[in-house]
Amino acid sequence: MDSIKSGIFATTALAFVASGAQADDLLFVDLSVSNQITITATAGLSGATVSGSDTTGFLLADFFSAAAVGAYGDTLVSGDLTSAANGSDGSPDLFTSSGNFGLNIWTYTNDATSDFTAGQVAFSGSGTWTLSATSYADALAGNTSGNIYFAADSDDDIPSATLLGTWTTIPAPSSLALLGLGGVAAIRRRR
């Protein structure tokens, strides 16, 4: 009987740890479509309470593995990505500047402030942008996860910004490449 109780406790503890780790992921980044990026809110909870301007926005820190060498080329396809406490204005935009590793999302609400509350869902909606071939290649070569800071539009804002949670690329770009290689191998085996 004690071993059954221990097993139930261990299973419950693992489920709690797994759900706790998932709750920290606030945004999923999808790079599976060529020359396109989609950023989607999760049900993840904000790690802090903070308000500020969406003209500065939030930063996906360490999005790129090398510092940007110029402006990020993007065009909004559609989007209502916003802070969950605020209504979307339907125009989230991407930004990065030379020398930065982060990707900034800004101008997403018409409300006076963009608000996050600790323990409450951080973001809602999603946004899809087309990218220049160079920007898409830089995104694919980037990191697969990192922290989200508010209010921050560049790396030098991080020390004074508030950590909200994390972002994760799904599926990871390297996984996409492996899936592609697996498909080629399967075609070769059939012949």
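Predicted model: local features only at pLDDT ≥ 70, side-chain atom pairs only at ≥ 80, totals over all residues.

Me: Which residues have the most contacts inside the largest nonpolar core?

Reply: A nonpolar core is a set of buried nonpolar residues joined through their side chains. Here the largest has 29 residues, and Leu27, Ile37, Ile39, Phe58, Leu60, Phe63 and Phe123 have the most contacts inside it. Among the elements that give two or more residues to this core are strands S1 (25–30), S2 (36–41) and S4 (58–60), together with helix H2 (133–140). Another core, of five residues, lies apart from it; Leu59, Ala61, Tyr149 and Ala152 are among its members.

Me: With what is isoleucine 39 in contact, leaving aside its neighbours within four places in sequence?

Reply: Its partners include Leu27, Phe28, Val29, Leu60, Leu81, Leu94 and Trp129.

Me: Which residues of H2 are buried, and which exposed residues does the face turned away from them carry?

Reply: A residue counts as buried when its relative accessible area is under 20%. In H2, Ser135, Tyr136 and Ala139 are buried. Viewed down the helix axis, the buried residues of H2 fall within an arc of 100°, and therefore they line one face. The face turned away from that buried side carries Ala133 and Thr134, which are exposed. Strands S2 and S11 are among the parts that cover the buried residues of H2.

Me: Is threonine 96 buried or exposed?

Reply: Threonine 96 has a relative accessible area of 4%, so it is buried. It is placed in the loop between strand S7 (93–95) and S8. A polar atom of its side chain lies 2.9 Å from the backbone oxygen of glycine 102.

Me: How many aromatic pairs does a search of the whole structure find?

Reply: The general idea is that a pair of aromatic rings is described by the distance of the centres and the angle of the planes. The search finds six aromatic pairs. In one of them, phenylalanine 58 and phenylalanine 123 are 4.6 Å apart centre to centre, with 50° between the planes, and the pair is tilted.

Me: Why does this pair tie together parts that are apart in sequence?

Reply: Phenylalanine 58 lies in strand S4 and phenylalanine 123 in strand S10 (residues 123–124), so the pair ties together parts that are 65 residues apart in sequence. Phenylalanine 58 is buried, at 0% relative accessibility, and phenylalanine 123 is buried at 2%. Phe58, Tyr108, Phe116, Phe123 and Phe150 form one aromatic cluster.

Notes. Residues numbered from 1 in each chain as written. Heavy atoms only, no water. Core = buried A, V, L, I, M, F, W, Y, C linked by side-chain atoms within 4.5 Å. Buried < 20%, exposed > 50% of the residue type's maximum accessible area, 1.4 Å probe, protein only. Helix = DSSP H or I, 4+ residues; strand = E, 2+ residues; numbered from the N terminus. Contact = heavy atoms within 4.5 Å. Polar contact = N/O pair within 3.5 Å; in protein donor to acceptor, adjacent residues only side chain to side chain. Arc of directions from axis to C-beta. Phe/Tyr/Trp six-rings, centres within 6.5 Å; stacked < 30°, edge-to-face > 60°.
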